[in-house]
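Here is a short briefing to read alongside the model.

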Amino acid sequence: MIGLCLITLIGVGIRLLVMVVVQQRRERMNRQINERLRTLIAAYRTLGGSFTGDLAVDPRHRRDMRMVGNGEMLSPDGASDGTDTSTVAGSDRARRIRDAVEAALSDIILLGTGEQVRLATHAARELVTGQRVHTHDLVVSLRDFIRKALDLEPVPSDLDLPMQGPARIQATGSRGKDDGKKEGGGNAGGGGGMQSGGDTAVTGETGLDGHESMPQA
């Protein structure tokens with residue numbers, strides 16, 4: 001009787017241990033799948049967040065854009081033609097888009113399927129060689145994989161979806177904040193000057209009153 005109870009207890013313990021191990025493994029797999037999907041969805045938004053405008057990725061770095069900009073903006077006598085502001089703003093946006101695309105390609109190479117890894121590697125090699133890159137094929141592969149992983153029906157084949165390209169990165173507001181600080185500093189300086197002027201006027205009135213109160217000779 002005691003032996004039967006001992007065997008039963010050992011069997012129940014082994015069963016509980018197996019259940020705990022299986023549950024932990026399942027939870028770990030679910031976390032990995034969720035993290036993978038979250039990363040690939042973020043990459044999809046980065047690579048396919050635009051339908052209009054320039055849908056190609058400019059691989060040039062800031063130094064290359066500065067060299068091109070200096071060659072185009074400077075006239076033969078060395079004077080600027082006044083287009084440096086728009087050129088710098090456009091180059092900065094293109095640089096931010098390229099950096100985001102490169103980060104997304106790195107994530108896809110790490111967590112994507114075989115087809116996605118091949119497409120991402122091809123796009124990365126084109127960026128390295130200085131060629132403009134279109135990410136539409138990779139976006140389509142990501143979209144099909146994500147919808148299948150989420151148990152969603154495929155995109156209808158009769159739909160004529162427009163070509164997708166990288167999302168446009170918004171500029172930070174640091175420049176506006178700095179301008180606001182400068183304007184605030186200027187107003188504060190102006191207020192200080194007015195206050196100094198008021199103090200001078202008050203001093204002058206005091207001296208005038210003192211002069212009038214002096215006894216007559």
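In this predicted model, the UniProt record, an unreviewed entry, places a "transmembrane region" at residues 6–22. That span is 100% helix and 0% strand, and its end C-alpha atoms lie 24 Å apart. The notes below start with this stretch and then move on to the rest of the chain.

**The annotated span and its surface**

- Leu6 sits in helix 1, which covers residues 2–47.
- Leu6 also belongs to a nonpolar surface patch of about 440 Å², which it makes together with Ile10, Ile14, Val18 and Val22.

**Overall architecture**

- How many helices and strands does the protein chain have? There are six helices and two strands.
- Their order along the sequence is α-β-α-α-α-β-α-α.
- The protein chain has 217 residues, and 19% of them count as buried.
- Its accessible surface is about 15,900 Å², with carbon and sulfur atoms contributing 58% of that area.
- Among contacts in the protein chain with a separation of 6 or more, 77% are between residues 24 or more positions apart.

**Salt bridges**

- The count of salt bridges comes to six.
- One of these pairs arginine 38 with glutamate 35, and their closest N and O atoms are 2.8 Å apart.
- Both partners, arginine 38 and glutamate 35, are in helix 1, three residues apart, which is about one turn of the helix.
- Glutamate 35 has 42% relative accessibility, so it counts as partly exposed.
- Aspartate 54 and arginine 132 form another salt bridge, with 2.6 Å between the closest N and O atoms.
- This pair links distant parts of the chain, 78 residues apart: aspartate 54 is in the loop between helix 1 and strand 1 (56–57), and arginine 132 is in the loop between helix 4 and strand 2.
- Aspartate 54 is exposed because its relative accessible area is 53%, while arginine 132 is partly exposed because its value is 43%.

**A charged network**

- Which residues are linked in a network of salt bridges? They are Arg95, Arg98, Asp99 and Glu102.
- Within this group, the side chains of arginine 98 and aspartate 99 meet at 2.6 Å, N to O.
- Is arginine 98 buried or exposed? Arginine 98 counts as buried, because its relative accessibility is 4%.

**Threonine 129 and its loop**

- Threonine 129 lies in the loop between helix 4 (114–128) and strand 2 (133–134).
- With 55% relative accessibility, threonine 129 counts as exposed.
- The side chain of threonine 129 reaches back to the backbone oxygen of glutamate 126, at 2.9 Å.
- Threonine 129 and proline 59 are 70 residues apart along the chain, yet their C-alpha atoms are separated by 8.5 Å.

**Histidine 136 and its partners**

- Histidine 136 is part of helix 5, residues 136–149.
- Which residues does histidine 136 contact, leaving aside its neighbours within four places in sequence? They are Pro162, Met163 and Gln164.
- For glutamine 164, the backbone nitrogen lies 3.1 Å from a polar atom of the histidine 136 side chain.

**Two further residues to look up**

- Aspartate 151 has a phi near 60°, a positive value in a residue other than glycine.
- Aspartate 151 is located in the loop between helix 5 and helix 6 (174–212), and it is exposed, with a relative accessible area of 71%.
- Serine 106 is in helix 3, residues 84–111.
- Serine 106 has a relative accessible area of 43%, so it is partly exposed.

Note on methods
Residues are numbered from 1 along each chain as its sequence is written. This is a predicted model: local features need pLDDT of at least 70, side-chain atom pairs count only at pLDDT 80 or more; totals for chains, interfaces and linings use all residues. Side-chain values use heavy atoms; hydrogens and water are left out. UniProt positions are given in the numbering used here, feature names are shortened, and annotations may be inferred rather than shown by experiment. Helices (H or I, at least four residues) and strands (E, at least two) are DSSP runs, numbered from the N terminus. Buried means under 20% relative accessible area, exposed over 50%, partly exposed in between (1.4 Å probe, protein chains only). Contact means heavy atoms within 4.5 Å. Accessible areas come from the Shrake-Rupley method with a 1.4 Å probe; for residues, only the protein chains shown count as cover. Patches are made of residues with over 30% relative accessible area and no salt bridge: like charges are joined within 9 Å, nonpolar side chains (Val, Leu, Ile, Met, Phe, Trp, Tyr) within 5 Å. A salt bridge is a side-chain nitrogen of Lys or Arg within 4 Å of a carboxyl oxygen of Asp or Glu. A polar contact is a pair of N or O atoms within 3.5 Å; within protein, one must be able to donate a hydrogen and the other to accept it, and residues adjacent in sequence count only if both atoms are side-chain atoms.
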